[in-house]
Amino acid sequence: MTPYEAIDPDDLYDMIDHFYFLVEKDNRINHLFPGDFAETSRKQKQFLTQFLGGPSLYTDEHGHPMLRQRHIPFTITTNERDAWLENMLKALTSSRLDKDIQEYLFERLKLTANHMVNA
Ligand code: HEM
């Protein structure tokens, strides 16, 4: 059984919308984003669905994620990484996702976020 099968996708989607609501207000990193947070959120829902073992929604529409490469246009130091992770932790801990899924997802996202540091 995949983590995706253990969750209600609505709980994941609401968590991601809340995450970008927080990011949009966060002056440490909001300037990096193109400004259409609904669209960024939509892509993240696709990505995290497949990240958790669900259908490959992201790859079907955008091709291989190559996330590090897609983040090269944005200057991401450990400061931006930490801001991103802090907002993610807030969104996760206030979500309806089970505690064990929150922890599992955060641990994996910490690794991915480290990988995005490019400056
Ligand atoms: C896209 C910033 C980490 C997943 C983006 C965009 C920015 C950004 C500015 C462009 C938004 C857009 O085109 O709509 C950051 C920063 C990070 C970070 C500052 C700090 C470490 C992560 C992590 C993940 C992730 C850890 C893994 C879940 C994505 C995805 C997209 C994206 C899936 C959409 C890519 C696309 O198809 O255009 N990110 N990101 N990002 N990010 Fe991040």
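A residue counts as near a molecule or strand if its C-beta atom, placed from the backbone, lies within 6 Å of it. Keep that in mind as we walk through this predicted model, in which local features need pLDDT of at least 70, side-chain atom pairs count only at pLDDT 80 or more, and totals for chains, interfaces and linings use all residues. Residues are numbered from 1 along each chain as its sequence is written.

Let's start at the ligand. Around it are 22 residues, and L32, T40, F47, W84 and A113 come nearest. By class, this shell holds 12 nonpolar, five polar and five charged residues. Here Ala, Val, Leu, Ile, Met, Phe, Trp, Tyr, Cys and Pro count as nonpolar, Asp, Glu, Lys and Arg as charged, and the others, Gly among them, as polar.

Which helix gives the most to the shell around the ligand? The answer is α2, with five residues. Helices here are DSSP runs (H or I, at least four residues), numbered from the N terminus. At least two shell residues each come from α2 (37-51), α4 (67-71), α5 (78-93) and α6 (99-116).

Now look along α2 itself. Its 15 residues reach 20 Å from first C-alpha to last, close to the 21 Å expected at 1.5 Å a residue (1.5 Å times one less than the number of residues). The buried residues of α2 (20 or more other C-beta atoms within 10 Å of their own) are Q44, Q46, L48 and T49. After α2 comes G53, with a positive phi near 95°.

Finally, find M66 in the loop between α3 (57-62) and α4. M66 has a positive phi of about 40° although it is not a glycine.

How values were computed
A residue is buried if 20 or more other C-beta atoms lie within 10 Å of its own, exposed if 12 or fewer, and partly exposed in between; C-beta atoms are placed from the backbone.
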